[in-house]
Amino acid sequence: MNILTKGRNIYYTVSVICFISLFLLIVIGGTVRITGSGMGCPDWPKCFGRLIPPTIISDLPADYIKFYETRGYSKSDFPLMTWIEYLNRLWSVIIVGPLLLASTLLSLTWIKKDKSFLILQLLMLFLTGFTAWLGKIVVLYDLDSLRVTIHLIPALIIVSISVIICTRLNGYRVLDVMNNNGIDGLPNKIVSKNYQLYLISGFIIISMQILLGTQVRTEIDKYITQANILDRADWIIKAYKWLPIHKLFSTVVTIIVALIYIASRKTVNLSRPTFWGAILMIGSVSAQIITGTLLTEFSFPAASQLLHLTFSTSLLCGIILCISDKYFNPANVKYIPISE
Ligand code: HEM
């Protein structure tokens, strides 16, 4: 195996690990929001002016209570909240950042054969810098809920790009195996003629539902901040504007996901990314309905809040996996549409 092939194999492994780390970053970010730990570190990038935050109250600045009060916070559960927020920052700086840089460097091994990897990597780096900057703004403006939402969107785009990179690299690996086994030519994929329409509509519908969900969340967050209401049983009363639309729209999401799943199962020579993407979507949408119902019927359990955000991310990953398999997978370009 020459050095270039070795580099490309390492690039695939690093890209998969990078995807997992990005997914976990969204989960950790969700934990920060749900536990209200965002102000655990009131400054950025340092925490209480230090690289490693204090662990005991006596190490905090003398005026820290006054500082929180002037920003509208009556209390901050030190040190738990501080360390949850700090873990979020550590994960970004020590795990995600180096993985992104390493994968960008490794994408250079593809520069002659396929420049799209470098372009996608640079886009991810740019969006990561942009998201980090938004993170700073979120802290500076005391976690205004609209800004928290704006912070989530580039994060979801970065994870989606990471899925596209992994699927495309996997496609090249499949082509290599085929070449090594002397298999000539790509197998034909025979799909439903509406499959393309389902995929594009699925992407739009899922994105809209995620935006609607963030509106529900923003509505509740605003109420909690304004009225300082901490009793979770009261939250539902204030989610009257967006929640009914969000609930109703989940029927549209379920229908489109079911159509994609059925069409994928009818595909002749179904490839593995689409197989797993469709299963991930069906599993995630079911989990969304369960966790969404738990939220509305059982006074917003914190665990359901976190799971609801996690499964909306996996639902998005599922549709991106199916789309990138169809449009960006070099081992999967021959699609023949058939009438149903
Ligand atoms: C079917 C697909 C669904 C998707 C993709 C979805 C997505 C989302 C997203 C992205 C959020 C914002 C989460 C956050 O920022 O932390 C959210 C919030 C919410 N969703 Fe859904 N949702 C779905 C279905 C449902 C259903 C069926 C219900 C109710 C029965 C529901 C109830 C809620 C509630 C109450 C919130 C606010 C949660 C909070 O404040 O933490 N969702 N949803």
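Analyst: Here is a set of questions and answers about this model, which is a predicted one.

User: Let's begin with the overall make-up. How many helices and strands are there, and in what pattern?

Analyst: The protein has 10 helices and 2 strands. Along the sequence the pattern is α-α-α-α-α-β-α-α-α-α-α-β. Of its 340 residues, 34% count as buried. As for contacts with a separation of 6 or more, 79% of them join residues 24 or more positions apart.

User: What makes α10 largely enclosed by the rest of the structure?

Analyst: Burial is a matter of counting: a residue is buried if 20 or more other C-beta atoms lie within 10 Å of its own. In α10, 21 of the 26 residues are buried, so this helix is largely enclosed by the rest of the structure.

User: And how do you know what span to expect for α10?

Analyst: The expected span is 1.5 Å times one less than the number of residues. For the 26 residues of α10 the expected value is 38 Å, and the distance from the first C-alpha to the last is also close to that, at 38 Å.

User: What does the same reasoning give for α1?

Analyst: The 32 residues of α1 should span 46 Å, and the end C-alpha atoms are 46 Å apart, so the two agree. Buried residues of α1 include Tyr-11, Phe-19, Leu-22 and Ile-26. Arg-8 and Arg-33 are also among the buried residues of this helix. After α1 comes Gly-36, with a positive phi near 65 degrees.

User: Which residues have the most contacts inside the largest nonpolar core, and which elements build it?

Analyst: That core has 41 residues, and Ile-260, Ile-319 and Ile-320 have the most contacts inside it. The elements giving two or more residues are α1, α3, α4, α5, α6, α8, α9 and α10. The largest share, 10 residues, comes from α10. At least three core residues come from each of domain 1 (1-185) and domain 2 (187-340).

User: What is Ile-319 in contact with, beyond its neighbours in sequence?

Analyst: Leaving out neighbours within four places, Ile-319 is in contact with Gly-202, Phe-203, Ile-206 and Met-281. The cut-off for a contact is C-beta atoms within 7 Å.

User: Why is Leu-127 called partly exposed?

Analyst: A residue is exposed with 12 or fewer C-beta neighbours and buried with 20 or more, and partly exposed in between. Leu-127, in helix α4, has 16 C-beta neighbours inside 10 Å, so it counts as partly exposed. Setting aside residues up to four places away, Leu-127 touches Pro-154, Ile-157 and Ile-158. The C-alpha atoms of Leu-127 and Ile-158 are separated by 6.9 Å, although these residues are 31 apart along the chain.

User: Which label does Tyr-172 get, and why?

Analyst: Tyr-172, found in helix α5, has 18 C-beta neighbours inside 10 Å and so counts as partly exposed.

User: Is Asp-231 buried or exposed, and what makes it so?

Analyst: Asp-231 has 8 C-beta neighbours inside 10 Å, so it counts as exposed. Asp-231 lies in the loop between α6 and α7 (235-238). Its C-alpha atom is separated by 9.8 Å from that of Phe-300, 69 residues away along the chain.

User: What is there to point out about the phi of Ser-299 and of Phe-300?

Analyst: Most residues other than glycine have a negative phi. Ser-299 has a positive phi of about 55 degrees, and Phe-300 also has a positive value, near 55 degrees. Ser-299 is partly exposed because it has 14 C-beta neighbours inside 10 Å. For Phe-300 the number is 19 other C-beta atoms within 10 Å, so it is partly exposed as well.

User: Finally, which residues are closest to the ligand, and what classes make up the shell?

Analyst: Of the 25 residues that surround the ligand, the closest are Gly-213, Ser-250, Gln-288, Gly-292 and Ser-312. Elements that give two or more residues to this shell are α6 (195-227), α8 (243-265), α9 (272-297) and α10 (302-327). By class, the shell has 10 nonpolar, 13 polar and 2 charged residues.

How values were computed:
Residues numbered from 1 in each chain as written. Predicted model: local features only at pLDDT ≥ 70, side-chain atom pairs only at ≥ 80, totals over all residues. Near = placed C-beta within 6 Å. Helix = DSSP H or I, 4+ residues; strand = E, 2+ residues; numbered from the N terminus. Nonpolar A, V, L, I, M, F, W, Y, C, P; charged D, E, K, R; others polar. Core = buried A, V, L, I, M, F, W, Y, C linked by C-beta atoms within 7 Å. Domains from an automatic or database assignment. Contact = placed C-beta atoms within 7 Å.
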